[in-house]
Amino acid sequence: MRAGSKALIELVNVSKRYKVGEHTINALDNVSLTVKEGEFVSITGPSGSGKSTLMHIIGLLDTPTVGSVIFEGEDISQLTESKLAQIRNKKLGFVFQQFNLLERTTALENVALPLLYSEIPEREMNEQALKALQSVGLLEHAQHFANQLSGGQQQRVAIARALVNNPKVLLADEPTGNLDSQSTREIVEILKNLNKQGRTIIIVTHESDIARKAKRAIRLKDGKIIR
Amino acid sequence: MLGVIIGVASVILLVSIGSGLRTLVTGELQGLGSNLLLVVPGELEVSRGGPAAGGGALGSFTTSKIKEEDVQKVRQNVSGIVEAVGVAYAGSSIRFADERKSIQIIGTTPEFPDVRNTSVAAGVFFSTVDVSKASRVVVLGSTVAEDLFGTSREGIDSRVIIGDVRYTVIGILEKTGGFGQTSVDDQVIVPITTLRQQFNLDNISFIYIQVERAQDIPMVTRDVQTVLAARLGEDEFTIIDQKEILSTVSNILNTLTLALGGIAAISLLVGGIGIMNIMLVSVTERTREIGLRKAVGATPEVILMQFLTEAVVLSVGGGIMGILVGVAGSLLVGRFITTTVNLWAIIVAFGVSAAVGIIFGVMPARRASRLSPIEALRYE
């Protein structure tokens, strides 16, 4: 699967407004965007430009104030919250800047978390979670608690968790923001390899050299796509 | 969890101590018999110094000016009484084989069991013949019998030595379950004449007067006062109405129960607030976890179920452990003072803390489960 195949996610005239006291902030202003299967898209822009908001809307974590989001041909404004949760569970994987692992929980259990919310039998859960951990090179740390791991290792656990349900899209919000350069290189390498295997990757970053690794770069400013 | 355990346990323990005390004291007082008047030596103010009465009376046994003739006069001259019984006390020891025990000896007449609301469990009580002949026979309190013979049923016809005089055991009283020196369980009873001979006494420590009808008590009290005052000075005797003691004591007990109930209610409240805070904080702290779980595909219902399950396990588990600790504590304390484990205390303490735990465990989880995953994840 290469870029150029069918559309996976479409945003049509999407705006997102927040009310902060008296003021209304236009986090996203009339954004239209199509992400196709197999793409590696980077979203960059200065802080406050709306790049995280854009990613949350693409990832069905948030809904737009105006405009529509179409995921695999389905308008998501018509879907219930439970249905959205199911789509996030099966088709989307998230990696956050803060890792968001459950402390005092083993790496393996963290990775298996999304499987708890799918209909996978318990026996297969461990198997799949171990496979995902292996793919990020952390098999030997499966029984370690999340808070015993280094930052780079934690983020790799988070990537394994995002991959465990074999999702179509991996969304990463500043995945290297809290990491040193060595760990950053490892994470970027993992993301590139995943894209080579045909996975759609959307990454929000403010580091231009990471953005350059992506095949398509989207630049935001004041809630608008400027490139 | 600890909050729930402590809250539930302390309520159960406090209430069981309170109700135990109440049962004990009222039981003890009613065990004295009903419609009872007590003539004690010296001058006492019962209504004001209720609890001090026992101490004061004990102190004045030896200086008592009351004599057997006073008992006879009351019997003959006061109407409306069932019985008047004089009682003399002496302290000594009792011996059987190798067993030796310090005891209080009561010298009295055959009417004593009726007045004191007790009866013999084995053997017989002594008769008027024994009194007139000053027979060396003794009726043992049940605890005394247990200590000497190992059981409270055996020992009839045995020879025991009281002081340095040999007595024959003719009866053993049934257990009354009272406490301390005033309980007949710990005393032995001999004919009053025998006691006088042995200890060279000529006075009487108490007169028990059983009144026929409750409404006659004021009248009988007045008559007894008149009869006794003919020979004794005003300050040489006091008439105490058992009902007066009972009502004084039960007033104190009501206050005590109320105070203990108040303490229990406060500890339940404090425990409840503790549980509430723990649950609120721990669930609110986990708002980010809730956001994450939602992001990876948990529906609000699933989140709510998870937190409901956790709250139920914590509250119910903690509550059950609290009940165990509370009941165990009551039993432990019950070795020293009487406690009565109160079922209502268990139900209320458990119910309140479990409800508080579940409500305040689920409420913040419910709020968090309704946030969008992003809002929940951003929560600091």
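Helices α3 (residues 107-116) and α5 (residues 151-163) of chain A cross in a right-handed sense, meaning the near helix is turned clockwise from the far one by less than a right angle. In this predicted model, local features need pLDDT of at least 70 and side-chain atom pairs pLDDT 80 or more, while totals for chains, interfaces and linings use all residues. Residues are numbered from 1 along each chain, chains are lettered from A, and side-chain values use heavy atoms without hydrogens or water.

The axes of α3(A) and α5(A), lines fitted to C-alpha atoms over the stretch in contact, come within 7 Å and cross at roughly 30°. Ala107(A), Asn110(A), Val111(A) and Pro114(A) of α3(A) meet Val157(A), Ala160(A) and Arg161(A) of α5(A), with contact taken as heavy atoms within 4.5 Å. An α-helix has 3.6 residues a turn, so residues three or four places apart point the same way.

In chain B, helix α7 (residues 142-149) is largely enclosed by the rest of the structure, because 6 of its 8 residues are buried (under 20% relative accessible area, 1.4 Å probe, protein chains only). The buried residues are Ser142(B), Thr143(B), Val144(B), Ala145(B), Leu148(B) and Phe149(B). Their cover includes strands β2 (81-96), β3 (99-108) and β5 (137-140) of chain B. Just after α7(B), Gly150(B) has a positive phi of about 90°.

Both chains contribute to the lining of the second largest pocket, where Leu101(A), Leu102(A), Glu103(A), Glu285(B) and Glu289(B) lie nearest the centre among 18 lining residues. α11(B) gives the most to this lining, with 3 residues.

Key:
Buried means under 20% relative accessible area, exposed over 50%, partly exposed in between (1.4 Å probe, protein chains only). Helices (H or I, at least four residues) and strands (E, at least two) are DSSP runs, numbered from the N terminus. On a 1 Å grid over the protein atoms alone, a cavity is a set of points where a 1.4 Å probe fits but cannot get out, and a pocket is an open set with protein on both sides within 12 Å along at least five of seven lines; lining residues have an atom within 4 Å of a point. Axes are lines fitted to C-alpha atoms, for helices over the stretch in contact, and angles run from 0 to 180 degrees between N-to-C directions.
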